[in-house]
Amino acid sequence: MAPVPELLLKKRNRDAAWAEKRATAALEARKKAREQRKEIFKRAEQYVNEYRQQEKDTIRLRREAKANGGFYVEPEAKLAFVVRIRGLNKIHPKTKKILQLLRLRQINMGVFVRITKATLGLLKRVEPYIAWGYPNLKTVRELIYKRGFGKVDGNRIPLTDNKVVEQVLGAKNILCVEDLIHEIYTVGPAFKEASNFLWPFKLSSARGGIDKKRLHYVEGGQAGNREGKINNLIRRMN
């Protein structure tokens, strides 16, 4: 039997060690992915139960109020969705700056905003250029699943995989798209990071068109706060 050269022997041993290392890493990755899938399904189920319970509680409180001859007052909204409906013609520099701060640089762009005294002040300043209101769970879910893009290292990446979400928001215990939807809809503690991770939504022009953009919604126009009616507008644009 011919002796094997030392260099060739070293190469064979090195290749064997690398192959073993790769196989071990692949096995660990598969195991981790399997455990993570279980966790994601568990969380999704938990969120569904939470949303259903909220709905049942609201219905119960409305019925109790009606039975007692009173009115049920909805809790104050914590989440708003803002859509830009007008362009840059003859716009004041301060108004332009606020629209940039809200990341609404183009017509038909939309963003989720936490409702605070400060944000309400900003929205008031730019009201003639935006339509906004309080989105429901269905709207939040449809927007993120259909139009959702994440910001990864400054790049606009479609949310086609939970790994995209985990890569950026894993430190905040947001591992999948359902976690992201829950964080946005409930305005959770990591709302700021989740909202900044989402690229501003690029919506289509509304089906049937939008008229009277210069008038406020209460005057029969389109601008300003339309509360729950924002869901109808988003569906026409999504």
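Which backbone nitrogen does the side chain of Thr119 reach? A few notes on the model, starting there.

1. Thr119 reaches the backbone nitrogen of Thr116 with its side chain, at 2.7 Å. That is a polar contact, meaning a pair of N or O atoms within 3.5 Å; within protein, one must be able to donate a hydrogen and the other to accept it, and residues adjacent in sequence count only if both atoms are side-chain atoms. Thr119 sits in helix 3, residues 117-125. Helices (H or I, at least four residues) and strands (E, at least two) are DSSP runs, numbered from the N terminus. Thr119 counts as buried because its relative accessibility is 17%; buried means under 20% relative accessible area, exposed over 50%, partly exposed in between (1.4 Å probe, protein chains only). Leaving out residues up to four places away in sequence, Thr119 touches Val113 and Arg114, where contact means heavy atoms within 4.5 Å.

2. A word on the ground rules. This is a predicted model, in which local features need pLDDT of at least 70 and side-chain atom pairs count only at pLDDT 80 or more, while totals for chains, interfaces and linings use all residues. Residues are numbered from 1 along each chain as its sequence is written, and side-chain values use heavy atoms, with hydrogens and water left out.

3. Now the overall build. The protein chain has eight helices and seven strands. Its radius of gyration is 25 Å, whereas a compact globule of 238 residues would have one near 18 Å; this is taken over C-alpha atoms, and the globule rule is 2.2 Å times the number of residues to the power 0.38. The C-alpha trace spans about 95 × 55 × 35 Å along its principal axes. Of the 238 residues, 37% count as buried.

4. On to the inside. The largest nonpolar core has 36 residues, and Phe112, Ile144, Leu180 and Ile184 have the most contacts inside it. Such a core is a set of buried Ala, Val, Leu, Ile, Met, Phe, Trp, Tyr and Cys residues joined through side-chain atoms within 4.5 Å. Elements giving two or more residues to this core include helix 1 (6-67), strand 1 (79-84) and helix 4 (137-147). Apart from it lies another core, of 16 residues, among them Ile91, Val111, Val126 and Tyr129.

5. Helix 6 deserves a look. Eight of its nine residues are buried, including Leu180, His182 and Ile184. The cover over these buried residues includes helix 1, strand 1, strand 2 (109-114), helix 4, helix 5 and helix 7. Just after helix 6, Val187 takes a positive phi of about 50°.

6. Strand 4 (residues 149-152) runs antiparallel to strand 5 (residues 155-158), and four bridges join them; two strands pair if DSSP finds at least two bridges between them. Gly150 stands opposite Ile157 in strand 5. In strand 4, Gly150 and Val152 form the covered face, with Phe149 and Lys151 on the uncovered one. In a regular strand the side chains alternate between the two faces of the sheet.

7. Finally, two non-glycine residues with positive phi. Asp153 is in the turn of the hairpin that strand 4 and strand 5 form, with two residues between them, and its phi is about 55°. At 72% relative accessibility, Asp153 counts as exposed. Asn108 has a positive phi of about 70° and lies in the loop between helix 2 (93-101) and strand 2. Asn108 counts as buried because its relative accessibility is 14%.
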